[in-house]
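Keep the structure open while you read.

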Amino acid sequence: MATFSRRETLLGGAGVLGALAGNALARSQSPISSGTHSPIPFGAAVRPALLGSDADYTRAILTYCNQIVAEGGFLFVDLHPQRKEFRFDEADRVSAFALANGLGLRGHTLVWYGVMPPWTEEISSAAEAERELERHIETVVSRYGSSIRSWNVVNEALRDDAKRGSDLRPLIWQRRLGADYIAIALRAARATDPSAELVLNEYDIEFVGDRFRGKRAAFCELVHTLLDQGVPLDAIGLQGHLKGDLDIDKEGLGAFVSEMRKAGLKILVTELDVVDNQLPADLRMRDVEVALRAKDFLAAIAAEAPLSALLAWGISDRFTWVPMYFKRSDGLPNRPLPLDAEYKPKPLMQIVDRVRYGV
Ligand code: XIL
């Protein structure tokens, strides 16, 4: 495969398949990180029900991760299913697991259009929306302050076809409050926990193509508008749901990261995985393509800014959201994550290690 050998040379020439498969990889390559010496915290999204109950899964999390984020359990719909009812049991278990094992915990997420409980549709005025949004954020952020030091405050605010910072997705807060809902959410989070890191989290920022260039520009505009208004914001979360069939726009992504850095913001990768439904069936080839895509992405970021955290959206191919949306037509299981379904490290884990340790 022509593309493959071209990409192969990008990683250092002397047979990336062999190098990726062996421990020699790290030492034979130039550093992927931008010169930080302390390791970059690495983590994964976890399924709360498996923590502590599935021994292999739990061991993998404890072996590889310094921090975790809950794949579900901290969403608005999980925590606040009825107007007058908060449910904390699942989130409490994740938080207790993190504290008991000395792991960092990221909060995902205070605001997201994805799933919202039906009661929020009854919110009928701007004043009521502001009250409910602030009440939710104050309740949740104050409860988890001892474990969660970094919050995805707003997740996926921008429309897929966004070109301007004002091209926001509809959700109840946006419909009742307009663009102000983002500032309201960030201010409520800062007021509740002044030292927690506040993050805007987005996807589809990194690929080659007009739509992605448009979304990058929109994200920059949104961020500058917020900062110009004095709204508290500390960091940008790049989800990093990469696609095996979409190239990384290294220059465009680098310029984006550099602009965010100049604006004083930190950069996190919050949900790394590589969607492999369009990649070759051959497992070895596929795993290398996955690793190289992640390498392109992480190297483009690291060239412009130190990563303050790197999290994958799961640890093992055994538990991943990818087949829900991107099943392979040949029926083979997806392999988007750093460990395979038997918890063996894949080439993607070597890329993660190189980034983590700057080797
Ligand atoms: C996915 C979860 O992994 C699934 O389990 C859930 O059913 C749907 O959402 N961006 C996000 C995540 O911010 O919350 C999404 O996670 C993946 C895309």
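## The chain at a glance

First things first: this is a predicted model. The chain has 14 helices and 9 strands. Of its 359 residues, 56% count as buried. Take the contacts between residues at least 6 apart in sequence, and 79% of them join residues at least 24 apart.

In soluble globular proteins, nonpolar side chains tend to be buried together. Here the largest nonpolar core has 102 residues, and Tyr181 and Ile315 touch the most other members. Helix α9 gives the most to this core, with 8 residues. There's also a second, separate core of 11 residues, with Ala45, Val199, Val275 and Trp313 among them.

What does Ile315 touch, once its neighbours within four places in sequence are set aside? Its contacts include Phe42, Ala44, Ala45, Tyr57, Ala60, Ile61 and Tyr64. Cys65, Leu337, Pro338, Leu339 and Met349 are in contact with Ile315 as well.

## Around the ligand

Which residues surround the ligand? They are Glu71, His108, Trp112, Asn155, Glu156, Gln239, His241, Glu271, Trp313, Trp321 and Met324. A polar side-chain atom of Glu71 lies 2.5 Å from an oxygen atom of the ligand. For Asn155, a side-chain N or O atom sits 2.8 Å from a ligand oxygen, and for Glu271 the corresponding distance is 3.0 Å. On its own the ligand has 410 Å² of accessible area, and the protein covers 80% of it.

The His241 side chain makes a polar contact of 2.6 Å with the side chain of Glu271, and another of 2.8 Å with the side chain of Asp273. Leaving aside neighbours within four places in sequence, His241 is also in contact with Glu206, Phe207, Trp313 and Trp321.

Helix α7 (residues 126-143) has 18 residues and reaches 26 Å from first C-alpha to last, close to the 26 Å expected at 1.5 Å a residue. Its buried residues are Glu128, Ala129, Glu132, Leu133, His136, Ile137, Val140 and Val141. They pack against α5 (76-79), β3 (104-112), β4 (148-155), α8 (172-177) and α9 (180-192).

Helix α11 (residues 250-262) gets the same check. Its 13 residues should span 18 Å at 1.5 Å a residue, and its end C-alpha atoms are 18 Å apart, so the two agree. Buried in α11 are Gly252, Leu253, Gly254, Phe256, Val257, Ser258 and Met260. The buried residues of α11 pack against α10 (210-228), β6 (235-238), β8 (266-275) and α12 (283-302). After the helix comes Gly264, whose phi is positive, near 90°.

Ala98 is found in helix α6 (residues 89-100). Is Ala98 buried or exposed? Its relative accessibility is 0%, so Ala98 counts as buried. Not counting residues up to four places away in sequence, Ala98 touches Ile68, Leu103, Gly104 and Leu105. Ala98 and Ile148 are 50 residues apart in sequence, yet their C-alpha atoms are 9.3 Å apart in space.

Most residues other than glycine have a negative phi, and most peptide bonds are trans. Against that background, a few spots here stand out. A cis peptide bond joins His108 and Thr109, with omega about 5°. Thr109 has its place in strand β3, while His108 is one of the residues surrounding the ligand.

Asp204 isn't a glycine, but has a positive phi of about 60°. This aspartate is found in the loop between β5 (197-202) and α10, and is buried, with a relative accessible area of 4%. Tyr343 also has a positive phi, near 70°. Tyr343 lies in the loop between α13 (322-325) and α14 (347-357). At 15% relative accessibility, Tyr343 counts as buried, because the cut-off is under 20%.

Conventions. Residues are numbered from 1 along each chain as its sequence is written. Side-chain values use heavy atoms; hydrogens and water are left out. Helices (H or I, at least four residues) and strands (E, at least two) are DSSP runs, numbered from the N terminus. The expected span of a helix is 1.5 Å times one less than its number of residues. Buried means under 20% relative accessible area, exposed over 50%, partly exposed in between (1.4 Å probe, protein chains only). Contact means heavy atoms within 4.5 Å. A nonpolar core is a set of buried Ala, Val, Leu, Ile, Met, Phe, Trp, Tyr and Cys residues joined through side-chain atoms within 4.5 Å. A residue is near a molecule or strand if one of its heavy atoms lies within 4 Å of it. A polar contact is a pair of N or O atoms within 3.5 Å; within protein, one must be able to donate a hydrogen and the other to accept it, and residues adjacent in sequence count only if both atoms are side-chain atoms. Accessible areas come from the Shrake-Rupley method with a 1.4 Å probe; for residues, only the protein chains shown count as cover.
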